Amino acid sequence: MDQFNLTIGKLSNQTGVKIETIRYYEKIGLMPAPPRTESGRRLYDGALADRLCFIRRGRELGFSLDDIRALLGLEDRKPTCAEVFEITSTHVEMIRTKISDLKKLERTLSTVAKGCSRNRTPDCAIIKTLFS
């Protein structure tokens, strides 16, 4: 698809990205401003749709907008494979830390929940733990 024949609504449907989000990505420079018709309608081509899918997938994988900006090479130049690896490795490490924190949280809450008598009194072990 080489022609600019996708309206923002069609682009949204094709990529699963909401129209407001597409406009936001344009505003912050992740997506370039597309050409417009004489009436002012935005028109997108296949390359812009691919770029938007890349951004959406990056967000689904938890990359920050700054990471995506770096991966797209929007700052100065296209990143090297080593730079992409470094961004990804840092992100993986952050994910591992979050997983570890969530596992600790799960253990703590499970232990606290076991102490709950589940009766109708306002004296609740969970609430007491949250206050301590």
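**Exercise 1. Decide whether Arg69 is buried or exposed, and find which residues Arg69 touches.**

Arg69 has a relative accessible area of 16% and is therefore buried, where buried means under 20% relative accessible area, exposed means over 50% and partly exposed lies in between, computed with a 1.4 Å probe on protein chains only. The model is a predicted one, in which local features need pLDDT of at least 70 and side-chain atom pairs count only at pLDDT 80 or more, while totals for chains, interfaces and linings use all residues. Residues are numbered from 1 along each chain as its sequence is written, and side-chain values use heavy atoms, with hydrogens and water left out.

Not counting residues up to four places away in sequence, Arg69 touches Ile28, Gly29, Leu30, Leu74 and Glu75, a contact being heavy atoms within 4.5 Å.

**Exercise 2. Work out how helix 1 and helix 2 are arranged, and which residues meet.**

Begin with the axes, which are lines fitted to C-alpha atoms over the stretch in contact, with angles that run from 0 to 180 degrees between N-to-C directions. The axes of helix 1 (residues 8–15) and helix 2 (residues 19–27) come within 9 Å and cross at roughly 105 degrees. That makes helix 1 roughly perpendicular to helix 2, since angles of 65 to 115 degrees count as roughly perpendicular, under 35 as roughly parallel, over 145 as roughly antiparallel and the rest as oblique.

Then list the residues: Ile8, Gly9, Leu11 and Ser12 in helix 1 meet Ile19, Ile22 and Arg23 in helix 2.

**Exercise 3. Describe the surroundings of Ser12.**

Ser12 belongs to helix 1, and at 12% relative accessibility Ser12 counts as buried. A polar atom of the Ser12 side chain lies 2.6 Å from the backbone oxygen of Val17. Apart from residues up to four places away in sequence, Ser12 touches Val17, Lys18, Ile19 and Ile22.

**Exercise 4. Check the span of helix 3, then examine its ends and its buried residues.**

At 1.5 Å a residue, the 15 residues of helix 3 (residues 46–60) should span 21 Å, and the end C-alpha atoms are 21 Å apart, which agrees; the expected span is 1.5 Å times one less than the number of residues. At the N-terminal end, Asp45 caps helix 3, with a side-chain oxygen 3.3 Å from the backbone nitrogen of Ala47. Helix 3 is followed by Gly62, whose phi is positive, near 90 degrees.

For the buried part, the residues are Gly46, Leu48, Ala49, Leu52, Ile55 and Gly58, and these pack against helix 1, helix 2 and helix 4 (65–72).

**Exercise 5. Locate Arg118 and say what phi it has.**

Arg118 lies in the loop between helix 5 (81–114) and helix 6 (125–131), and at 67% relative accessibility Arg118 counts as exposed. Phi of Arg118 is near 55 degrees, a positive value in a residue other than glycine. As a background to this step, most residues other than glycine have a negative phi.

**Exercise 6. Find the place of Val84 and the residues in contact with Val84.**

Val84 is found in helix 5 and is partly exposed, with a relative accessible area of 28%. Leaving aside neighbours within four places in sequence, Val84 is in contact with Leu71 and Pro79. The C-alpha atoms of Val84 and Gly73, which are 11 residues apart along the chain, are separated by 9.9 Å.

Definitions and conventions. Helices (H or I, at least four residues) and strands (E, at least two) are DSSP runs, numbered from the N terminus. A polar contact is a pair of N or O atoms within 3.5 Å; within protein, one must be able to donate a hydrogen and the other to accept it, and residues adjacent in sequence count only if both atoms are side-chain atoms.
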